[in-house]
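Please keep the sequence and the 3D view open while reading.

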Amino acid sequence: MRVLVLGAGVVGTTAAWFLRAAGHEVTVVDRQDTAAQETSFANGGQVTSHVEPWANPSAPLKILRWLGQPDAPLLFRPSLDARQWRWGLQFLIECLPSRTRRNTLQILAMKKYSVAALRELRAETGITYDDLQRGILQLYTDREEFDDAAQAAELVRQYGIAREIKSPEECVALEPALALRRDRIVGGIYTATDETGDAFKFTQALAALGAKRGIVFRYGLTVDALAVADNVVSGVRVRLREGGDGERGELIAADAYIVCLASYSPALLGPIGVSALVYPAKGYSATMPIVDPKAVPMISITDDAKKIVLTRLGDRLRVAGTAELAGYNLDLNPVRCEALTRCAVEWFGSAIDAKRATYWAGLRPATPSNVPLIGRTRYANLYLNTGHGTLGWTMAAGSGKALAEIVSGGRPEIGFEFLEG
């Protein structure tokens with residue numbers, strides 16, 4: 001079939017790769033000049049099994065406590081946006097224990113499937129992207145939080161994710177670069193099967209290889225609308241991006257259409273009656289040069305109290321975290337940028353050059369449950385692959401592979417509840 005993928009981030013590009021591998025004629029449309037220029041550009045770099053959703057029984061009280069903190073891990077900025085309030089109400093429902101458990105297992109199923117798909121893809125292509133298969137160590141500085149996390153680790157262990165509970169001494173033995181910060185640590189949880197890498201480099205490399213294998217990438221095109229008739233999509237209206245050569249419009253037709261537009265998916269789907277409760281959660285990152293390689297961990301670190309990840313990407317340290325529910329604004333908030341720098345310095349001091357930090361903000365496409373929307377819509381040839389939240393890098397390969405099977409008329413062998421239209 002002729003398949004049109006909307007969006008060239010890590011999710012869209014990976015979906016295009018698997019669709020092409022399945023034998024389809026694939027075109028990818030994106031408004032930027034190259035792949036991975038938006039949400040996938042500078043994320044935390046973790047391919048992680050720490051998949052507990054934001055919506056959990058403890059979340060409402062934490063969010064209330066964080067309301068007055070400008071550098072809070074999750075900051076809700078109320079507005080008159082009805083979608084924001086609808087999303088927030090559904091988020092509260094998803095905080096019920098039964099919903100949290102179901103959502104955790106759904107995300108976990110996709111994570112396991114996705115990591116296997118990523119490893120197969122890496123072995124097949126040989127692409128490199130500052131990737132490390134050294135695991136992820138979640139560090140705790142609060143005893144109560146550590147005890148709660150140790151209990152939660154039991155749930156995922158039942159489903160094949162080997163989380164190892166570590167004492168402070170064991171954390172340092174595992175990662176000697178933490179030795180100078182031993183007194184801060186009350187415990188850790190280590191997952192050896194997790195990995196890290198630069199999602200931007202991965203996506204750029206995969207797009208380049210995909211183009212050699214016949215995928216057509218059309219950049220600089222803004223997607224305006226979906227044209228529908230008789231319960232099918234008949235085409236996608238696009239135009240040259242603002243600032244391009246005029247405002248020439250075009251209708252691109254295909255046999256199947258895949259929406260991978262992250263936080264912008266609802267704006268495209270709403271006018272044709274397809275509901276996608278996805279809201280942008282602005283995340284921040286700082287990237288800093290490493291000046292003392294021996295004093296910066298090879299293992300990716302998560303500071304649980306601050307919900308900040310610190311990941312080594314070659315000769316750089318990527319520090320990322322925080323979520324701000326404040327619409328589509330991408331302005332950098334200095335307070336939140338400084339929180340990332342401060343966290344990095346607290347852990348690694350002069351081993352990094354914090355004065356040369358470069359900051360970035362991107363809009364994570366979050367569903368209230370943190371479970372992505374993957375599968376069919378009520379239109380026979382329209383499919384969704386969106387709403388991955390903070391786990392787009394983690395789930396990209398698996399959701400792309402699964403979607404390619406669905407578009408090809410099959411059903412993926414995974415315990416995940418795909419959309420059925």
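In this predicted model, the lining of the second largest pocket draws at least two residues from each of α3 (82–94), α4 (97–125), β19 (373–376) and β21 (419–420). Among these elements, α4 gives the most, with four residues. The space in the second largest pocket comes to about 460 Å³, and of the 27 residues that line the pocket, Ser 369, Val 371, Pro 372, Leu 373 and Leu 419 are the closest to its centre.

The helix α4 also packs against helix α10 (residues 392–407), and their axes come within 6 Å and cross at roughly 90°. Because angles of 65 to 115 degrees count as roughly perpendicular, α4 and α10 are described as roughly perpendicular to each other. On the side of α4 the contact includes Ile 107, Met 110 and Tyr 113, while on the side of α10 it includes Met 395, Ala 396 and Lys 401.

In one of them, the ring centres of Phe 41 and Trp 360 are 6.5 Å apart and the planes stand at 45°, so the pair is tilted. This pair links distant parts of the chain, since Phe 41 lies in the loop between β2 (25–30) and β3 (46–47) and Trp 360 lies in strand β18 (residues 358–366), 319 residues apart.

Conventions: Residues numbered from 1 in each chain as written. Predicted model: local features only at pLDDT ≥ 70, side-chain atom pairs only at ≥ 80, totals over all residues. Heavy atoms only, no water. 1 Å grid on protein atoms, 1.4 Å probe; cavity = no way out; pocket = protein on both sides within 12 Å on 5 of 7 lines; lining within 4 Å. Points joined across faces, edges and corners; volume = space filled by probe spheres on them. Axes fitted to C-alpha atoms, helices over the stretch in contact; angles between N-to-C directions. Parallel < 35°, antiparallel > 145°, perpendicular 65-115°, else oblique. Contact = heavy atoms within 4.5 Å. Phe/Tyr/Trp six-rings, centres within 6.5 Å; stacked < 30°, edge-to-face > 60°.
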